[in-house]
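Here is a short briefing to read alongside the model. Please have the sequence and the 3D view open as you go.

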Amino acid sequence: MLDSLFESFIREKQYIANCTPCTIKFIRQSYKTFRRIVQDAEITRQTTTEFVVLARQQGMSVGCLNTYIKGINSFLDWLHENEATTERLKIKLLKQEKKVLRSFTDDELRRILNFKPKGFSESRIFALILTLIDTGGRIDEFLNLTRRQINFESLLIKVKGKGNKERLIPMSLELRKVLFRYLKTHNYDLVFPAKNGVKLNYQNSYRDLINLQRRLNIAPIGFHALRRTFAKNYLRRGGNLLYLKAILGHSRLETTETYVEIETDALQETHMKTSLLGSLK
């Protein structure tokens with residue numbers, strides 16, 4: 001019965017809420033983990049508590065467990081809305097240490113910008129990295145990007161984000177030059193394709209990113225760090241938080257606020273400019 005309800009929930013998420021395959025996969029994995037740990041045919045307040053306790057006893061990290069809880073909670077909300085449960089059940093997220101995620105430093109960005117690519121693969125990852133740095137887009141959005149989605153005249157790129165929602169992202173004149181030159185290296189419709197023109201696999205693009213960072217003596221970090229780097233520098237240079245929310249494709253301003261961590265050096269720089277003691281000398 002519970003599995004049948006879950007499949008109905010998934011169908012609604014897929015065909016009505018228009019969730020991406022990645023989101024559907026995440027929710028399925030969350031439910032699968034819940035069923036594996038609890039092994040109960042019903043969802044009650046007791047079983048949700050039991051899930052958290054057993055998961056921790058089995059050594060699951062707080063971060064991993066919180067991720068699964070988010071997926072399960074969406075199903076719990078659906079169950080109550082469809083009168084499959086008499087009370088609205090919700091699993092509380094566990095407290096976890098908040099870590100400041102690393103972004104690219106200005107020195108690392110200069111090393112990337114000064115890189116001289118050779119061959120198609122290097123030109124592709126170089127252009128892809130610069131595109132992510134300049135726009136703050138998600139890697140999946142650009143691995144699916146086609147030529148007709150780039151408007152070189154208006155300096156806008158149309159991407160399809162989470163929930164298949166389209167949005168326009170501005171690009172700089174510098175990125176326009178990069179993409180214009182790069183697109184002359186191939187005739188495929190996809191902007192960042194594999195060598196045979198089909199969609200580039202994420203793992204292969206990630207491999208190219210890590211290899212380039214190692215060549216430039218940069219401690220390897222993933223594509224999302226480029227998005228964080230864009231967001232932090234956008235605000236640091238006077239960008240508007242509401243505009244940033246639109247560029248990043250967030251549905252809630254709170255997401256954008258938690259997404260951008262203010263770094264110590266930025267705090268120090270601002271404090272030096274605004275210090276009353278310093279201005280009264």
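Just after helix 3, G59 takes a positive phi of about 95°. Helices (H or I, at least four residues) and strands (E, at least two) are DSSP runs, numbered from the N terminus. This is a predicted model: local features need pLDDT of at least 70, side-chain atom pairs count only at pLDDT 80 or more, and totals for chains, interfaces and linings use all residues. Residues are numbered from 1 along each chain as its sequence is written, and side-chain values use heavy atoms, with hydrogens and water left out.

**Helix 3**

- The 13 residues of helix 3 (residues 45–57) should span 18 Å at 1.5 Å a residue, taking 1.5 Å times one less than the number of residues; the end C-alpha atoms are 19 Å apart, which agrees.
- T47, T48, F51, V52 and A55 of helix 3 are buried, meaning under 20% relative accessible area, with exposed over 50% and partly exposed in between (1.4 Å probe, protein chains only).
- Seen down the axis of helix 3, these buried residues fall within an arc of 145°, so they line one face of the helix; the arc is that of the directions from the helix axis to the C-beta atoms.
- Q46 and Q57, on the other side of helix 3, are exposed.
- Helix 2 (21–38) and helix 4 (62–81) are included in what covers the buried residues of helix 3 (contact means heavy atoms within 4.5 Å).

- Three strands form an open sheet in the order 1-2-3, with antiparallel pairing; two strands pair if DSSP finds at least two bridges between them.
- Strand 1 (150–151) and strand 3 (166–170) are the edge strands, each pairing on one side only.
- Strand 1 is joined to strand 2 (residues 156–160) by two bridges, and I150 stands opposite I157 in strand 2.
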